[in-house]
Each structure stands twice: as C-alpha cells, then as structure tokens.
Amino acid sequence: MAVLEGEHLTKNFGGIIAVDDVSFSIERGETVGLIGPNGAGKSTLFRLISGVQEPNQGRVFLDGEDVTGLSPHEICHRGLVRTHQIVHPFENLTLLENAEVGAEFGGRDVDDAVERAHEVLEFVGLHDMAHTTPDELSVGALKRLEIARALATDPEVLLFDEVAGGLDTEETEDIVDLIGDIADTGKTVFLIDHVMRALMSVSERVFVLDNAQLIATGTPEEIQNNQRVIEAYLGEEAGGAAGAAGD
C-alpha cells in the first residue's frame, strides 16, 4: 500500500519550472533514492512534499490523506519529517534537549519526550554525549543528531536530503548503516544523495529527475544501466562505478 504519493506536481518560479508534472508512489516500508543533476528539482520536490512550498499544480498524499498546502508542522504531526543538508541544531541546548524538542513539538503519540529523546540518541549512537552541546560534534555526529531529532517525532516517512554530504568514507558508511537500521524498523525512507555508492546500496528503488522531470524509475541495477540516465547524470564511468557498488 502506498504511504506517500505525488500526483502531477508542478512548481514554477516566475518563468522557471523547477518541478514539471512529477507523479510518484512509494510503498509503506520502502527505501527509495532520488538522484539527478544539480538544479534538476530534487530539493524542490522535497519542499513540496514536506509543506515548505506549495505546488502550483498537483497534490501530495500521505497515507491516503491529501496534505497539499498543509504547513510543515502539520505534515510532521501526520507522520512525515525531513532532514536538511545543512544542519542547524539548537546550539545552546544539549543533544538530549535537541532531541526532546523533536519529540515534544513534532511528535505523534509520544507520552514521555525525555524518554523518547534518550531512545533516539541511543539508536543513532550519540547517547554517551547526551549532555554535551552540538559545538562539540564532528560533521558526521551532527548529521546523526539531525536524524535523531527527526526520529524523535515518531515519523512514518523520513525524507533525507543529502544526509551523506560532506562526510568522509568512514562517516558515510556509518550513515548508510544507520539508514539501513532505520529502514529495518519498518520506516519509509526517501533520500537524496550525490554519493552514489551510499544511495545505491541502501535503496530498493531509485527515481531520477532531470530538467524538472521524472525521467526514470527502477531498481538500482536498472537505473545504473539505463542509457538515458547515464547520459543525463551518471556518465559512462560513474554508471559503471555505481554498478560495482551495487554488486
């Protein structure tokens, strides 16, 4: 059963079309990657889904409910949360308090925000630093804190925007493992990333945007062997490298 759907989503900025008649469907518990060149419309699509921006045309459905035009906090309360490529934690709060904010103000059915915050920090591997502040964290740990804050809201669907961006190889592998752990809990994951090895290894299906249009969908293997995708984004060498990563 589809938990997240977009129907004919279109977003214009003046004369520029950022998202052009994009339709998609994601099943409950599925992990789906979203790739495409810079400027293809990936982050704009995430903003439409999460309520940051409203489409000029089209609709977004979450668990069968039309959520088009709802604010981000209303959509969060209905079970969809988004992380950001550039993280902005509350610098004057401890990691525990950062996670508590997610549970208290964004959460669904969270009886004890403090207990929930402890749980998610343990899950992402930051519990030992619960009473420290974000300025003591590495970039990789900051990304995990961002994920913890999102998980604290008890979401059904998580949108990850460039969650591996700016990380070294070891940190990227840690984040990929964490996303896999999240998926294993039954959560639905929709992620953007330019780190092909990471995205292809964790995704069950991949969507490809180019020039604001959805040009391909398929398994990682199908996408990395799709000639149109190779020409538009991956390139012959990158397509082969992604294929090796998926083996």
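Reply: Start with strand E1 (residues 2–13) and strand E4 (residues 57–62). Five bridges join the two, and they run antiparallel. Strands here are DSSP runs of E with at least two residues; helices are runs of H or I with at least four; both are numbered from the N terminus. Two strands pair if DSSP finds at least two bridges between them.

The model is predicted, so to read it: local features need pLDDT of at least 70, side-chain atom pairs count only at pLDDT 80 or more, and totals for chains, interfaces and linings use all residues. Residues are numbered from 1 along each chain as its sequence is written, and side-chain values use heavy atoms, with hydrogens and water left out.

Now the partners. Glu 5 has Phe 61 as its bridge partner in E4. Thr 10 stands opposite Gln 57 in E4. Glu 5 also has a bridge partner in E2, namely Ser 25. E1 and E2 pair in the antiparallel sense, over eight bridges. Their hairpin has two residues between the strands, and Gly 14 takes a positive phi there, near 65°.

Contact means heavy atoms within 4.5 Å.

Strand E3 (residues 31–35) comes next. Five of its five residues are buried, so E3 is largely enclosed by the rest of the structure. Buried means under 20% relative accessible area, exposed over 50%, and partly exposed in between, with a 1.4 Å probe and protein chains only. Thr 31, Gly 33 and Ile 35 point one way from E3, while Val 32 and Leu 34 point the other way. E3 runs parallel to strand E8 (residues 188–192), joined by four bridges. Val 32 stands opposite Phe 190 in E8. E3 also runs parallel to strand E9 (residues 205–210), again through four bridges. Gly 33 has Val 206 as its bridge partner in E9.

Two helix residues deserve a stop. Asn 98 lies in helix H3. Asn 98 counts as buried because its relative accessibility is 1%. Leaving out residues up to four places away in sequence, Asn 98 touches Pro 89, Phe 90, Leu 93, Pro 134, Leu 145 and Arg 149. Ala 113 is found in helix H4 (residues 113–124). Ala 113 counts as buried because its relative accessibility is 9%. With the same exclusion of residues up to four places away, Ala 113 touches Glu 100, Ala 103 and Glu 104. Ala 113 and Ser 138 are 25 residues apart in sequence and 25 Å apart in space, C-alpha to C-alpha.

The largest pocket has a volume of about 520 Å³. Of its 24 lining residues, Cys 76, Val 81, Arg 82, His 84 and Thr 153 are the closest to its centre. A pocket is an open set of points on a 1 Å grid over the protein atoms alone, where a 1.4 Å probe fits, with protein on both sides within 12 Å along at least five of seven lines; lining residues have an atom within 4 Å of a point. Grid points are joined across faces, edges and corners, and a volume is the space filled by probe spheres set on the points. Helix H2 (72–77), strand E6 (80–82), helix H3 (95–106) and helix H5 (139–151) each supply at least two residues of this lining.

The second largest pocket has a volume of about 150 Å³. Eleven residues line it, and Thr 169, Thr 172, Glu 173, Arg 197 and Ala 198 lie nearest its centre. Helix H6 (169–184) and helix H7 (196–202) each supply at least two lining residues. H6 gives the most, with four.
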